[in-house]
Amino acid sequence: MRKRVLLVEDHPDTSELIQRNLSHAGYDVLIAEDGYQAVAYAAHLLPDVIIMDIMLPKMNGLEATAHIRRNPKTAAIPILAATALTAPGDREKCLAAGCNDYLAKPFTHTQLARSLSKLLEQADAQSASERG
């Protein structure tokens, strides 16, 4: 079964490129363009993983991540911060907000695929251990 990725990205060119690469890699990709959409789509669509841009209109990615973590339905969805925020401490801010991993833009398709694979494997292992 194909894994569902919620891509939260407000730049259409970046969104299209990532979506194309992920689709070719066998993922179903859903797109949100701002933090409010990300929170709503996560709760409604329950994706397997979220790629969260941090600098978003209306509600930034850190706030959206916090909302997703507070909802019991979405709290366990792995979130990858994919951001141009690369100043000292930015990685730590993303992880402290609830992101599971951090990937600095620009990144390669290989880096993204590796990060997604790692997050999905961890989520599958967590789910298996919870089932007993």
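Biologist: Where does T65 lie?
Modeller: T65 lies in helix 3; helices here are DSSP runs of H or I with at least four residues, strands are E runs of at least two, and both are numbered from the N terminus. Bear in mind that this is a predicted model, where local features need pLDDT of at least 70, side-chain atom pairs count only at pLDDT 80 or more, and totals for chains, interfaces and linings use all residues. Residues are numbered from 1 along each chain as its sequence is written, and side-chain values use heavy atoms, with hydrogens and water left out.

Biologist: Is T65 buried or exposed?
Modeller: T65 is buried, because its relative accessible area is 0%. Buried means under 20%, exposed means over 50%, and partly exposed is in between, using a 1.4 Å probe and protein chains only.

Biologist: What is T65 in contact with?
Modeller: Leaving aside neighbours within four places in sequence, T65 is in contact with M52, I79, A97, G98 and C99. Contact means heavy atoms within 4.5 Å.

Biologist: Which residues are buried in helix 3?
Modeller: In helix 3, residues 61-70, the buried ones are G61, A64, T65 and I68. They sit on the same side of helix 3 because they cover an arc of only 100° around the axis, taking the arc from the directions between the helix axis and the C-beta atoms.

Biologist: Over to helix 2, then. Which residues are buried there?
Modeller: G35, A38, A42 and A43 are buried in helix 2. Looking down the axis, the buried residues of helix 2 fall within an arc of 120°, so they line one face of the helix. They pack against strand 1 (4-8), strand 2 (28-32), strand 3 and helix 3.

Biologist: What happens at the start of helix 2?
Modeller: There, a side-chain oxygen of D34 reaches to within 2.9 Å of the backbone nitrogen of Y36. Just after helix 2, L46 has a positive phi of about 45°.

Biologist: What about D90, buried or exposed?
Modeller: D90 counts as buried, because its relative accessibility is 8%. D90 is in helix 4 and touches L85 and Y102, not counting residues up to four places away in sequence.

Biologist: Where is P106?
Modeller: P106 is in the loop between strand 5 (101-104) and helix 5 (109-131). P106 counts as exposed, at 80% relative accessibility.

Biologist: New topic: how much space lies in the largest pocket?
Modeller: About 380 Å³. Of the 17 residues lining the largest pocket, the closest to its centre are A76, P78, A123, D124 and S127. A pocket is an open set of points on a 1 Å grid over the protein atoms alone, where a 1.4 Å probe fits and protein lies on both sides within 12 Å along at least five of seven lines; lining residues have an atom within 4 Å of a point. The volume is the space filled by probe spheres set on the points, which are joined across faces, edges and corners.

Key: Polar contact = N/O pair within 3.5 Å; in protein donor to acceptor, adjacent residues only side chain to side chain.
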